[in-house]
Structures are given as structure tokens and as C-alpha cells.
Amino acid sequence: MRLDQQGVPAAELRETMRRMADGDRQWKERLAAGVSYPAGDDVLEVAQQAYLDFFSVNALYPSIFPSAARFEREVIEMTAGLLHGDDAVGAVSSGGTESNLLAVKSARDRARAIRPEVTAPEIVAPASAHPSFRKAADYFGLTLVSTPLTADGLVDVAAYHAAVTENTVLMVASAPSTVLGMVDPIPEMASLAEKRDVSFHVDACVGGYFLPFTEKLGYEVTKWDFRVPGVTTISADLHKFGYTAKGASAILSRDPDVFRYQVFDFGPPERPQGYYVTPTIAGSRPGGAIAAAWAVMRYLGEEGYLRLVDGTMRYIRNFQDRINEIEGLTVLGKPDMSLFAYTSTTMDVYAVAAGMEDRGWIVSKDAVPFKAIHFMQSPGHEPFVDAYLSDLEQVVELVAAGKITARGTGANYT
Ligand SMILES: Cc1ncc(COP(=O)(O)O)c(C=O)c1O
């Protein structure tokens, strides 16, 4: 494609782009895991309006756009309140990956300051940790030490602690892990970090805006936030269960002393033209995404999030019970939220996946440590669960009768 000689009229462009989207999948109706997080048209409208209103705002310039600076500060304050971070500070990044990269950068630089003897820094993370920690290790010159899970897919705390050496500058845990949707045993894991003053990051990209509300609703959940001694940083994705626009995640530090290692600060005398100080990896940052996050959080308030989480937990528990009732299928572990996986003890679950794909469902497959089918469900997915289960029952019967077989071997879930 080459740049058009003459510009194309806006109406024509819009029509063309709509047609270009014809091949995109129906991510909501077909229950795709982790693609988008529908929470109702009203929430979407609030996010879209705020995004458009602040479309041209560049959050790199807080003195030119104090509105963006205030949105960011207040999003972080509201999040700190949810995570029990009385002294917590932080920033809004572009997503979970950037937040986790920042946690690694911050831990590396903190170790450089407090343990300068470490020259070959390592991150210790369970095998269930998100690939962004591997990415961070590659980008920032650290070694990722990945520790094995138990046969049940849980963190093997003894193996995890055994992997911590003099070179460890960061220990990682997930709330919840994407394998089973269960919160890692964070108090136990972090105890060693506290003892050795090693940075400890909780990846709550998925649970950050969901688990505080399951706890308030009375569901039992392992402690994972700043109440746990030793936790130094937490990532929580606004654009997941915060239900805000794409391009927003919160990365919080326990206190300003930890946060300063996240900040890039470059100024005189090395840069005589002035200071270039950024709290995240990006330079220019979309004000729209930050404004949308602020707007949705204020629009929903505690009552709104509680209502959405309550509704989701009720339908999810029912969804899981109904999967368990289907002969040969089992939901893995005891999921803490709407992220879960099911497998089969009697048939190849990838054959089930193939049958569901043929019926138009967007299927996420896990390979390690279990072959499984994976879900990450939002409030807006509820109306499509009955249709899914009806197809699932039929597909399972066909697989059991040998009429559908597996296709492919690998996982497609990231
Ligand atoms: C646990 C966890 N951490 C981090 C991420 C990365 O988030 P993003 O895709 O927003 O970069 C994900 C994405 O699903 C995740 O599940």
C-alpha cells in the first residue's frame, strides 16, 4: 500500500474500515478469554466519551495539562485505597506488560542502590508468571529464574524459596495466576523477601480491580496486597477488570522511597536544556486512556464495582458447576475469580476445543502444566453462557463417540 495521492473522504473511510472489521471475531458473544472486558454499554459510553474529550491531551506535559496529572494522581490514590497502600504512590502505564516491566526496572535499580555488590541480577518467578517478566529480563539485562509448580499447578513455595540467591533482586507472584485463576500463597512467598530486603512484586494485572471486591463480598481470598509485609510493588490493569479503555494499567509502589527507582530522571548538568522526568517507559502518553480510567472509576464507585463483581461471581460459580456436571469435564483448582480453566480426565480436551472452535467459539487452550480450556469472563459475557454450555454438552458427546478429534498440539493462550 502507498499513501493515497488524494485524501479519502471521511465517510468513505469509515465505511471501508467497518467492512475491514467484518472478519474480526465476535469477542463478546463467543466468550474469548482476556480480549476485552465488557461491563455494560453505560460503562463503555463513559469511557469512550472521556477518551474522546481528552483525545489530544499528552500526559507527558503535566504543567501544560494539569487535568491529566490530576486524573493520574487520583486514579492511583483510588487504587492505593483498594490495595491498602496507605503510603503507596505510582503511575498509570499503557498496560500490564509495561507495568510489569516497570516493576522489574524499579527492583533492578533499587538493588543497584542498596546492594551494589550484585552484578548479575536475577528475578525469581513461578512458572505460572506472565511472559512479561521474561520480556523484562531480556530488555533490562536480568536473568529470569523460573521455578516449577506443584502437580496441582500451584506455586511450590519450597522450590521458589530455594531459587533465591545473593543475586536475586526481585521475587514475583500473581494475584491470581493465569493458570488456575488462584491467588498465589503470597504471605508465605513474600516472607523471605521481607527477611532479605529483596523487592517483591505482585502481578495483580487480572485481580487488582476484582479481588478487593470479592473480599468485601465475603469470599475467602489469600491476602495479596500491601497488607502483606514485604510486598514492594503491585501492578493492576485498569483496562481489564477496571473496565476502562485499552491502554491503562496502574503500577504502585509501597512508598515514595520504592517508587523513586521506577522514575527516569535526566536533567542538568548532563542535559542543560532542562529536566526530562518520566514515571513510565513511554514519553508521550495518551491523556484519553488516563481520563477514561478516572471517569469509569468515578462512574462506578465502590457500589458499581461490587455490583459487577457480585453478579460475575454468581454466574461464574454457576457456569463452573454446570461444566463440572458434564461427564468427563472438571474445573481445575478453586478459582478465586472469573478466570478459570477446565480439563478432561476421560478425553482429549483439545478435541473438545476443536469441536467448540467449529461452532464458532473463540477457544483459549493451555498446555502447561495442564492441557485445558481457559476462560477470563466479564459481567457482559453472562448472556452467552447458556449457548456455550449447550454446545459444550453436544461437543463432549461427539468427542466421547470418537466423532471429533484434536487439532494442533500447542497452547494458544498468552
Ligand atoms: C497476569 C497477567 N499479567 C500481565 C498481563 C499483561 O497485560 P497486557 O496484555 O495488558 O500487557 C496479563 C495479560 O493477560 C496477565 O494475565
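**Strands.** I began with S4 and strand S5 (residues 199–203), which run parallel and are joined by five bridges. I count strands (E, at least two residues) and helices (H or I, at least four) as DSSP runs numbered from the N terminus, and two strands pair if DSSP finds at least two bridges between them. Ser-174 has Asp-203 as its bridge partner in S5. Strand S2 (residues 122–126) also runs parallel to S4, with three bridges joining them; there Val-124 partners Met-171 of S4.

Is S4 (residues 168–174) mostly covered or exposed? I found it mostly covered, with seven of its seven residues buried. Buried means under 20% relative accessible area, exposed means over 50%, and partly exposed is in between (1.4 Å probe, protein chains only).

**Ground rules.** I kept in mind that this is a predicted model, where local features need pLDDT of at least 70 and side-chain atom pairs count only at pLDDT 80 or more, while totals for chains, interfaces and linings use all residues. Residues are numbered from 1 along each chain as its sequence is written, and side-chain values use heavy atoms, leaving out hydrogens and water.

**Whole chain.** I noted 12 helices and 13 strands. The radius of gyration is 22 Å, close to the 22 Å from the globule rule for 414 residues, so the chain is as compact as a globular protein of that length. That radius is taken over C-alpha atoms, and the rule is 2.2 Å times the number of residues to the power 0.38. Buried residues make up 53% of the 414.

**Salt bridges.** How many does a search of the whole structure find? It finds 22, each a side-chain nitrogen of Lys or Arg within 4 Å of a carboxyl oxygen of Asp or Glu.

I looked at Arg-70 and Glu-74, whose side chains meet at 2.7 Å, N to O. Both lie in helix H3 (residues 66–82), four residues apart, about one turn of the helix. Arg-70 is partly exposed at 45%, whereas Glu-74 is buried at 16%.

Next came Arg-227 and Glu-215, in a salt bridge at 2.8 Å, N to O. Arg-227 lies in the loop between helix H8 (211–216) and strand S6 (233–236) and Glu-215 in H8, so the pair ties together parts that are 12 residues apart in sequence. Arg-227 is partly exposed at 30% relative accessibility, and Glu-215 is partly exposed at 28%.

My last entry is Asp-257 with Arg-260, the closest N and O atoms being 2.9 Å apart.
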